[in-house]
Amino acid sequence: MAKITAAQVKELREKTSVGMMDAKKALVAADGDMEKAIDVLREKGVAKAAKKSDRVAAEGLAQIAINGNTAAVVEVNSETDFVSSNDKFQDLVGVIAKAIVDNKPADVDAALALSVDGETLQEKITALTAVIGEKLTLRRFKLIEKTDDQVFGSYLHNGGAIAAVVLLDGTDEAAARDVAMHVAAINPKYVSRNDVPKSVLDHETEVLTEETKNEGKPENIIPKIVEGRLNKFLSEISLADQEFVKDPDQTVAQFVESKGGKLVDFARFEVGEGIEKQEDNFVEEVMSQIKD
């Protein structure tokens, strides 16, 4: 049995980004052979990935890629936020975003089947899952198309915790980026109040009417009060009507108009939004590895 040195463990960790105990165990299993140890880790990683298939991947990164008149916003998830600072994971997210904006797949399954450098995106995700030992998933993406007369504005908050892309008519990229920063910060739901579905309006009107009645307001003024409250609700969820974060004295629509432009579309991805996150077992897993 070959003696495993600290230098070997360090080298294997640098090549694979795995933990110290995993590296040492793999070298022992491979009798000190570095290449075999890498294979052991890959095999172990794939096995881990299969066991973790029911785990919730609610961390990760959002990314933006632009190619000519197409912009793509993507979200790739991991189980813990530690992975988002991993260079290999960041590189993979970039590869995925570029492949999607270049090929414009119809859905996530079509995106995972895209081939890059002889491997599908799914194969690349599986390979990195094997190395990192966490479930990694391409959760979603959105494509936005523009004309030659339109401009994109993009903004990544905190390295990819939030990604926002805005499409404007008739203005410049600087103004579009300012609006993208606003979208990232304030999180509108619709471009304008005209885009709010009737079902949403009807529901909100019903709730506000009952709320106003329960306050004991006179019956004859309830419709006027509800109208005012509904307008406030719409101004909070409509990008055009929101107070511009850089200048609250004007709405976003007024800011864009002052730059000679018009709001057209936007996309905003916040990593993990809408996912029910589970308790993080990362510390317990590390402790169990050390005890082993």
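**Rings and charges**

Start by selecting R140 and F269: the charged end of R140 sits over the ring of F269, 3.9 Å from the ring's centre. Keep in mind that this is a predicted model, and that side-chain atom pairs count here only at pLDDT 80 or more.

Next, pick K146 and F152. Here K146 lies over the face of F152, with 5.9 Å to the ring centre; the cut-off for a charge over a ring is within 6 Å.

Now for ring on ring. How many aromatic pairs does the structure hold? There is one. Select F244 and F255 to see it: the two rings are stacked, 4.2 Å centre to centre, with 20° between the planes. Stacked is the label because planes under 30 degrees apart count that way. Colour by secondary structure and you'll find F244 in strand β8 (residues 243-244) and F255 in helix α10 (residues 252-258), so the pair ties together parts that are 11 residues apart in sequence.

**A tyrosine in a loop**

Jump to Y190, in the loop between α7 (173-186) and α8 (198-214). Its relative accessibility is 22%, so Y190 counts as partly exposed, because buried would need under 20%. Show the surroundings of Y190: leaving out residues up to four places away in sequence, it touches D195, V196, P197, V200, I237, S238, L239 and F266. Then draw a distance from Y190 to A267. C-alpha to C-alpha they are 9.7 Å apart in space, though 77 residues apart in sequence.

**Along α8**

At 1.5 Å a residue, its 17 residues should span 24 Å, and the end C-alpha atoms are 24 Å apart, which agrees.

Which residues of α8 are buried? Select E204, L208 and T212. Look down the axis: these three cover an arc of only 65°, which puts them on the same side of α8. Bring up α9 (222-237) as well, as that is what the buried residues of α8 pack against.

For the last stop, step just past the end of α8 to G216, which takes a positive phi of about 80°.

Definitions and conventions. Residues are numbered from 1 along each chain as its sequence is written. This is a predicted model: local features need pLDDT of at least 70, side-chain atom pairs count only at pLDDT 80 or more; totals for chains, interfaces and linings use all residues. Side-chain values use heavy atoms; hydrogens and water are left out. Rings of Phe, Tyr and Trp (its six-membered ring) pair if their centres lie within 6.5 Å; planes under 30 degrees apart count as stacked, over 60 as edge-to-face and the rest as tilted. Helices (H or I, at least four residues) and strands (E, at least two) are DSSP runs, numbered from the N terminus. A charge sits over a ring if NZ of Lys or CZ of Arg is within 6 Å of the ring centre and within 35 degrees of the ring normal. Buried means under 20% relative accessible area, exposed over 50%, partly exposed in between (1.4 Å probe, protein chains only). Contact means heavy atoms within 4.5 Å. The expected span of a helix is 1.5 Å times one less than its number of residues. The arc is that of the directions from the helix axis to the C-beta atoms.
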